[in-house]
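User: Hello! I have just opened this structure and would like a friendly tour. Could you take my questions one at a time?

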Amino acid sequence: MRAPPWPVTALLLALAARGAAASVPTYPWRDAETGEWLVCDQCPPGTFVQRPCGRDSPTTCGACPPRHYTQFWNYLERCRYCNVICGEREEEARPCGATHNRACRCRSGFFEHAGFCLEHASCPPGAGVAAPGTPSQNTQCQPCPPGTFSTSSSSSERCQPHRNCTALGLAVNVPGSPFHDALCTNCTSFQLGLLEPGARGTEECEHAVVDFVAFQDISLKRLQRLQQALVDPGTQRPPPPLREGRAALQRRLWQQLMELREARPGALGVRLLQALRAARLPGLERSIREHFLPAQ
């Protein structure tokens, strides 16, 4: 290997000696007029080399113009342009400055993954937020532990404690589950279909029956059979959504029962018992009689 010319070797040794003696970094520069190799100071962050050093003059540094920057000590002839543009799902985390480029981060509700901003996941019914999503991490969900519930999909709500019916002076109508709150009532018994519409206690007790039926912990197929049995012959209803979750199915059944109650005041009990028989749900029919009808 051919040895470098002695002037270059001497220059490198001078650079090393000067760099060790001072904290300001340097760079080699060949004077265009004399052809002499010089050791010039670099310019600090936020500036650029406006004019290199001469034999008897130091390096002249100039400030970076707006929308330009230099991040490190340098011997650049011009500052770098701030070329980072925040995307549709991003926001500016740090504006362009003389010493740094613009920096972006994912907007609220999104997190960064593999260079993309993805929307924070929602925890499904029956699960709550264990840790909210951040600009760098997705939502962390956990199943609702015993005594708590979540009724909707959410990326921010935690599991809520069940209502304490006893503390409210009421009876537990439907125990709470991970998917719904405990349902309370002050109705413990009444004759289905025998109370006159508008009579004292009728509305409360019929409402309790609706809650009791709609939020039973039975299979989805049985809930769907009951929905179909409650539809009057000749009535056209849209087919149930594919893969409908338990919470949505129970809410739809509850709404169906309330519509039946309002459409035929006083006839809820008789119509419901008929539908339970048609849907082949003797266990649920027996539970309703035991829970609400007084012993004969």
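The questions and answers below go from the whole chain down to single residues.

User: How many helices and strands does the protein have, and what is its mean pLDDT?

Analyst: Welcome! This is a predicted model, and its secondary structure comes to six helices and 16 strands. As for confidence, 82% of the residues reach a pLDDT of 70 or more. The mean pLDDT of the protein is 84.

User: What percentage of the residues count as buried?

Analyst: A residue is called buried when its relative accessible area is under 20%. The protein has 296 residues, and the buried part comes to 34%.

User: At what angle do helix α2 and helix α6 pack?

Analyst: Two packed helices are described by the angle between their axes and the distance between the axes. Here α2 covers residues 202-214 and α6 covers residues 282-292, with the axes 11 Å apart. Their crossing is right-handed, and the angle is about 145 degrees.

User: Which residues make that contact, and how many of them are nonpolar?

Analyst: From α2 come A208, V209, F212 and V213, while α6 brings L284, S287, I288, H291 and F292. Sorted by class, the contact has no charged residues, two polar ones and, to finish, seven nonpolar.

User: Why is the pair of Y27 and Y75 called stacked?

Analyst: The count of aromatic pairs comes to one. Y27 sits in strand β1 and Y75 in the loop between β5 and β6, 48 residues apart, so the pair links distant parts of the chain. Planes under 30 degrees apart count as stacked. The ring centres of Y27 and Y75 are 4.6 Å apart and the planes are at 5 degrees, so the pair is stacked.

User: Is Y27 buried or exposed?

Analyst: The cut-off for buried is under 20% relative accessible area. Y27 has a value of 3%, so Y27 is buried.

User: Where is R67 found, and what is its phi?

Analyst: Most residues other than glycine have a negative phi. R67 is found in the loop between β4 and β5, and is exposed, with a relative accessible area of 56%. Its phi is positive, near 65 degrees.

User: What is the phi of A114, and is A114 buried or exposed?

Analyst: A114 lies in the loop between β9 and β10, and its phi is positive, near 55 degrees. Exposed means over 50% relative accessible area. A114 has 62%, so A114 is exposed.

Definitions and conventions. Residues numbered from 1 in each chain as written. Predicted model: local features only at pLDDT ≥ 70, side-chain atom pairs only at ≥ 80, totals over all residues. Heavy atoms only, no water. Axes fitted to C-alpha atoms, helices over the stretch in contact; angles between N-to-C directions. Helix = DSSP H or I, 4+ residues; strand = E, 2+ residues; numbered from the N terminus. Left-handed = near helix turned anticlockwise from the far one by under 90°. Contact = heavy atoms within 4.5 Å. Nonpolar A, V, L, I, M, F, W, Y, C, P; charged D, E, K, R; others polar. pLDDT = per-residue confidence, 0-100. Phe/Tyr/Trp six-rings, centres within 6.5 Å; stacked < 30°, edge-to-face > 60°. Buried < 20%, exposed > 50% of the residue type's maximum accessible area, 1.4 Å probe, protein only.
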